[in-house]
Amino acid sequence: MSLKSPTDDLFGPVSTLKPVATVPVLVPMPAPRPYSYAVPEGVDVEPGSIVQVPLGPRQVIGVVWDGEEDGAVDPKKLRPLTKVFDCPPLKSVHRRFLDWVAAYTLTPPGLVARMALRAPAGFDPEPMVEGLRFSGTRPEKITPARSRVLELANDGLAWTRSGLAHAAGVSTSVVDGMIAQGVFETVFIPPPPLVPPPDPDHAPARLEGAQREAADELLEEVRARRFSVALMDGITGSGKTEVYFEAIAETLRQGRQVLILLPEIALTAAFLERFQDRFGAKPAEWHSDLAPKTRERVWRQAASGDVHVVAGARSALFLPFQELGLIIVDEEHDPAYKQEDRVFYNARDMAVVRGHIGNFPVVLVSATPSVESHVNGLSGRYRAIHLPVRFGEAALPDLHLVDMRRHPPERGGFLSPILLRGIQKTVAKGEQALLFLNRRGYAPLTLCRVCGHRFQCPQCSSWLVEHRFKGQIQCHQCGYAEKTPEACPECGTFDHLVACGPGVERIAEEVERHFPDARTIVLSSDLMGGVRRLRLELEAIAKGEADIVIGTQLVAKGHNFPLMSLVGIVDADIGLANGDPRAAERTFQLLSQVTGRAGRSGLKSHGLLQTYQPQHPVMQAIVSGDAHAFYEREITERERALLPPFGRLASIIISADSRADAEAHARALRLAAPSVKGIAILGPAEAPLALIRGRHRFRLLVHGAKASDMQAYLRALLANAPKERGSVHVQLDIDPQSFL
Ligand code: ADP
Ligand code: ZN
């Protein structure tokens with residue numbers, strides 16, 4: 001199915017020689033290839049043109065694609081395009097990128113293109129805005145304010161009403177008064193850019209030593225104007241951001257655009273401000289919480305080149321940049337870069353592909369790089385850049401393991417006496433303590449003490465999690481929620497439900513019991529009030545308005561809390577117990593990141609990790625600070641088991657409304673598997689999350705040698721397999737991150 005990638009001018013403006021021209025159009029549907037449409041006479045389109053076409057009874061938006069028509073259909077029978085949008089065509093690099101992602105992830109290209117077309121109103125030119133121009137009439141009375149306005153308006157150029165008032169340093173009522181006297185005539189002008197252009201030389205940091213060397217290495221890549229990948233690692237606070245800002249500045253000087261990918265953009269208000277301090281203007285943001293209007297403007301202005309820098313979540317990769325010259329992937333190891341919905345892709349890996357196709361540098365940044373990137377750094381495929389120390393006064397916290405077998409918490413509690421003492425000392429000094437537990441709600445499991453009934457989601461194979469603040473029990477898989485019952489639904493006994501295990505709310509309860517006078521804040525993604533509330537809480541913490549913060553992994557990311565001098569990890573073992581081949585790596589990354597929250601401002605700081613496995617290599621690596629030994633060990637193990645990056649993995653997830661259908665189809669897929677040297681297929685096995693939203697799930701795992709052609713294997717398997725019938729759905733996941 002792979003499309004040819006012809007040169008741009010194959011189609012050009014439609015030829016006038018043929019009586020009816022036809023073009024392939026990729027529509028946002030799971031179709032395997034573009035559909036053919038006729039081009040009405042006098043209409044000009046080229047590959048990349050965004051058009052509207054009829055599809056069945058509907059009109060949909062599509063993109064004129066590359067490739068030759070097969071000529072099988074009589075052009076006269078084809079339906080014509082109904083509209084060509086007046087917007088820059090998707091560039092050839094962008095189209096090739098979309099094709100590449102589709103072929104790699106084995107996703108119908110239309111579904112990938114759909115991600116690039118998610119701003120419908122952005123395809124029409126932005127409406128003009130009303131502006132003012134000096135009419136030649138002078139106001140009746142001249143005041144100092146009015147004369148300032150006149151002085152500016154005298155240049156004969158058009159201004160917006162608020163822009164003029166702002167520039168003259170007067171209130172808009174001054175301008176309004178002058179409008180009333182006929183001083184201005186109304187004109188229509190193009191809308192102002194979404195964000196002012198960033199100034200590469202606004203306020204650069206002074207870089208010395210390792211930071212200077214690192215920045216010079218990045219500058220070399222940027223100046224070369226060709227594809228390269230750099231992996232920059234260095235502990236939190238070592239100045240990685242400051243260093244990559246230099247690469248951004250240089251790209252801006254070249255007049256090219258920059259994309260900064262961040263894993264948790266909705267929460268990075270602090271990052272945007274920091275960028276503004278350095279460049280004098282904010283980057284444009286791109287994430288799912290943007291208002292539709294803003295989204296459309298970002299899309300449009302990325303295409304027109306009016307937006308120079310976008311800071312965004314993974315989907316920003318699909319924006320139609322006019323001339324992208326650099327991608328930064330911050331926190332490159334973060335699992336949030338993997339999308340597991342419709343198009344399963346890893347934005348970190350696709351960023352590298354985008355750089356390759358666009359022929360520009362990509363910089364991956366992390367304090368704890370993924371094993372995959374680390375190996376590429378070691379082998380020289382990526383340029384490894386290392387920042388060894390924290391900047392300035394900042395020191396890393398002193399880390400200690402708390403052996404929970406020797407220092408157990410009191411009955412019904414989860415905090416060891418050692419951690420409690422640490423909190424007490426910290427709070428007494430007027431400093432902040434952070435308690436980290438990656439579990440939302442009050443307790444992960446509720447059961448009846450009388451009959452043993454466990455509360456399970458009616459549509460998923462997961463326990464219902466009690467949320468006491470909301471008075472609900474909830475499913476974290478599908479969002480199902482019900483009021484916390486008073487009696488057991490099984491045996492009817494009242495008041496005998498017990499909560500098993502801790503969530504952040506329960507830790508908060510314990511903290512409040514021990515420290516009734518401390519100001520305690522719980523932070524988790526299900527806070528009532530959403531992202532806005534979260535931002536406020538984070539600001540409050542940064543200002544010192546809380547003594548003890550209890551949080552899920554949200555608090556791990558990027559925030560700077562100057563007063564934080566103790567980090568307590570409530571359950572350091574939590575991520576180690578599942579069957580994920582990356583469990584140790586993930587735990588190492590998360591715990592390093594969380595403990596890195598402390599001591600950023602020079603306070604003497606501590607980290608306490610509660611564990612039942614103090615000898616575990618992950619625990620040892622964290623407290624000894626010997627990340628090197630940890631990576632070495634991980635790499636050796638992956639190499640021996642031929643796991644990524646030394647081998648390749650793909651998952652096939654089969655789901656259906658009935659367990660029998662899912663299992664039968666999974667078995668049929670297994671039978672359809674071709675026999676290829678170097679590739680093995682495992683399963684089917686019932687998925688650990690056997691039921692989600694009422695759908696039963698089975699998995700197959702394909703494991704191949706590094707050189708194996710996984711995509712060809714999977715295509716052959718699917719071609720040989722029975723069709724998906726009834727409720728059966730097959731989802732492929734190349735390079736899976738989740739095995740649930
Ligand atoms: P990282 O991205 O590695 O966590 P940052 O770039 O955020 O590190 O730097 C940590 C802190 O130190 C920030 O507040 C940053 O502004 C400051 N900093 C780092 N390097 C410099 C420098 N050369 N000059 C001034 N401030 C710096
Ligand atoms: Zn559920």
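**Ground rules.** I number residues from 1 along each chain as its sequence is written, and I letter chains from A and number ligands from 1 in the order in which they are written. Since the model is predicted, local features need pLDDT of at least 70 and side-chain atom pairs count only at pLDDT 80 or more, while totals for chains, interfaces and linings use all residues; side-chain values use heavy atoms, with hydrogens and water left out.

**Entry: ligand 1.** I started with the ligand shell, taking a residue as near if one of its heavy atoms lies within 4 Å. I found 15 residues around ligand 1, and the closest are Gln211, Gly237, Lys240, Thr241 and Arg274. Helix α7 (residues 240–253) gives the largest share of the shell, three residues. For helices (H or I, at least four residues) and strands (E, at least two), I use DSSP runs numbered from the N terminus.

Next I looked up polar contacts, which are pairs of N or O atoms within 3.5 Å; within protein, one must be able to donate a hydrogen and the other to accept it, and residues adjacent in sequence count only if both atoms are side-chain atoms.

**Entry: leucine 219.** I placed this residue in helix α6 (residues 209–224). Leucine 219 counts as buried because its relative accessibility is 8%; buried means under 20% relative accessible area, exposed over 50%, and partly exposed in between (1.4 Å probe, protein chains only). Beyond neighbours within four places in sequence, leucine 219 is in contact (heavy atoms within 4.5 Å) with Arg212, Glu246, Ala247 and Glu250.

**Entry: serine 370.** I found serine 370 in the loop between β15 (361–366) and α11. Is serine 370 buried or exposed? It is buried, with a relative accessible area of 3%. Its side chain makes a polar contact of 2.9 Å with the side chain of arginine 348. Not counting residues up to four places away in sequence, serine 370 touches Glu332, His333, Arg348, Glu585 and Gln589.

**Entry: helix α17.** I checked the length of α17 (residues 627–641): at 1.5 Å a residue its 15 residues should span 21 Å, and the end C-alpha atoms are 21 Å apart, which agrees. The expected span is 1.5 Å times one less than the number of residues. The buried residues of α17 are Phe630, Tyr631, Glu634, Ile635 and Arg638. They lie on the same side of α17 because they cover an arc of only 130° around the axis, judged by the directions from the helix axis to the C-beta atoms. They pack against α11 (371–379), α15 (583–595) and α16 (617–624). On the other side of α17, His628 and Arg640 are exposed.

**Entry: helix α5.** In α5 (residues 172–180) I noted Val174, Val175 and Met178 as buried. They share a side of α5, because their arc around the axis is only 95°.
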